[in-house]
Amino acid sequence: MLHLLRAGYYLHKATSSGHVGITVHHAVQNCPMRTIYFEDPNTFPEIDSFTYETASTYGLPLETIRTDYKSGIEALIKEKPTKAIFLGTRNGDPDAVGQQQFSPSSPDWPPFMRVNPILDWSYSDVWSFLLTCKVKYCSLYDEGYTSIGSIHNTVPNELLRDGSGGYRPAYTLSDGGLERAGRAKKAGKKNDSVINGRNNNEPRQRSRL
């Protein structure tokens, strides 16, 4: 989703300025989209590292929040009125039920429009885009993880076992419908679906306002 927004921003700037020949470096380093990241102690360290590295690479004004999602959104909107938030929600995600490309926030949440550019993208659509465009992605996806939640409820997808004790990359999964097969509660660990008071009725990923 980030790269779709970057492309749209680049085209908008190029068209409005009349300078279609803006350099690639300029497009990469100047993408002032307000970006929100909810940092959680139960997140994989690789996810945190990838997020901050990506923000640095593309010049994103990243705001890190260390509170629950709802409280964080309320504070953000109070500080700076926001009409819409871009999300990476896709059909098949637990919080995607009933959502469309443009969906108002739930009644008990601060009012804003949820914008879901890749709602109808399949698992293979996502990987086709990433691989074709040679976009960097988190290293965990090369270690057999196909859907990443918290460290307590996410393991490599057993369908990607390579026979030698390791796992094949996520993009080799043939059936995208089994993307979440690795989202299983680890033995002796608490499922993080309600950690920090977060609610699966609202998305939890990195957001762009």
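Modeller: Gladly! A residue is called buried when its relative accessible area is under 20%, exposed when it is over 50%, and partly exposed in between. Please keep in mind that this is a predicted model.

Biologist: Which residues of helix 3 are buried?

Modeller: They are Ile47, Asp48, Thr51, Thr54 and Ala55.

Biologist: How do you know where on helix 3 its buried residues lie?

Modeller: Looking down the axis of helix 3, the buried residues fall within an arc of 135°, so they line one face. In general, an α-helix has 3.6 residues a turn, so residues three or four places apart point the same way. On the other side of helix 3, Pro45 and Ser56 are exposed.

Biologist: What makes the length of helix 3 close to what is expected?

Modeller: Helix 3 covers residues 45-57, which is 13 residues. From first C-alpha to last it reaches 18 Å, and 18 Å is also what 1.5 Å a residue predicts. Just after helix 3, glycine 59 takes a positive phi of about 65°.

Biologist: Why is the pair of tyrosine 37 and tyrosine 52 called edge-to-face?

Modeller: Two cut-offs decide that: ring centres within 6.5 Å make a pair, and planes over 60 degrees apart make it edge-to-face. Here the centres are 5.8 Å apart and the planes stand at 85°, which passes both tests. A search of the whole structure finds nine aromatic pairs.

Biologist: What does the pair of tyrosine 37 and tyrosine 52 tie together?

Modeller: Tyrosine 37 sits in strand 1 (residues 35-38) and tyrosine 52 in helix 3, so the pair links parts that are 15 residues apart in sequence.

Biologist: Why do tyrosine 37 and tyrosine 52 carry the accessibility labels they do?

Modeller: Tyrosine 37 has 5% relative accessibility, under the 20% limit, so it counts as buried. Tyrosine 52 has 30%, between 20% and 50%, so tyrosine 52 counts as partly exposed.

Biologist: What makes the pair of tyrosine 137 and tyrosine 141 edge-to-face?

Modeller: Their ring centres lie 6.5 Å apart and their planes are at 70°, so this pair is edge-to-face. Tyrosine 137 is partly exposed at 22% relative accessibility, and tyrosine 141 is partly exposed with a relative accessible area of 22%. Trp127, Tyr137, Tyr141 and Tyr171 form one aromatic cluster.

Biologist: Which elements give two or more residues to the largest nonpolar core?

Modeller: That core has 11 residues in all, including Ile36, Phe38, Tyr69 and Trp109. Strand 1 and helix 4 (69-79) are the elements that give two or more residues, and helix 4 supplies the largest share, four. Apart from this core lies another, of eight residues, among them Tyr123, Leu130, Leu160 and Leu173.

Biologist: How do you know whether lysine 134 is buried or exposed?

Modeller: Its relative accessibility is 75%, over the 50% limit, so lysine 134 counts as exposed. Lysine 134 is found in the loop between helix 5 (123-132) and strand 6 (207-208), and has a positive phi of about 55° although it is not a glycine.

Biologist: What makes threonine 154 buried, and what does its side chain reach?

Modeller: Threonine 154 has a relative accessible area of 0%, under 20%, so it is buried. The side chain of threonine 154 reaches the backbone oxygen of serine 150 at 3.0 Å. A polar atom of that side chain also lies 2.8 Å from the backbone nitrogen of glycine 149.

Methods:
Residues are numbered from 1 along each chain as its sequence is written. This is a predicted model: local features need pLDDT of at least 70, side-chain atom pairs count only at pLDDT 80 or more; totals for chains, interfaces and linings use all residues. Side-chain values use heavy atoms; hydrogens and water are left out. The expected span of a helix is 1.5 Å times one less than its number of residues. Buried means under 20% relative accessible area, exposed over 50%, partly exposed in between (1.4 Å probe, protein chains only). The arc is that of the directions from the helix axis to the C-beta atoms. Rings of Phe, Tyr and Trp (its six-membered ring) pair if their centres lie within 6.5 Å; planes under 30 degrees apart count as stacked, over 60 as edge-to-face and the rest as tilted. A nonpolar core is a set of buried Ala, Val, Leu, Ile, Met, Phe, Trp, Tyr and Cys residues joined through side-chain atoms within 4.5 Å. A polar contact is a pair of N or O atoms within 3.5 Å; within protein, one must be able to donate a hydrogen and the other to accept it, and residues adjacent in sequence count only if both atoms are side-chain atoms.
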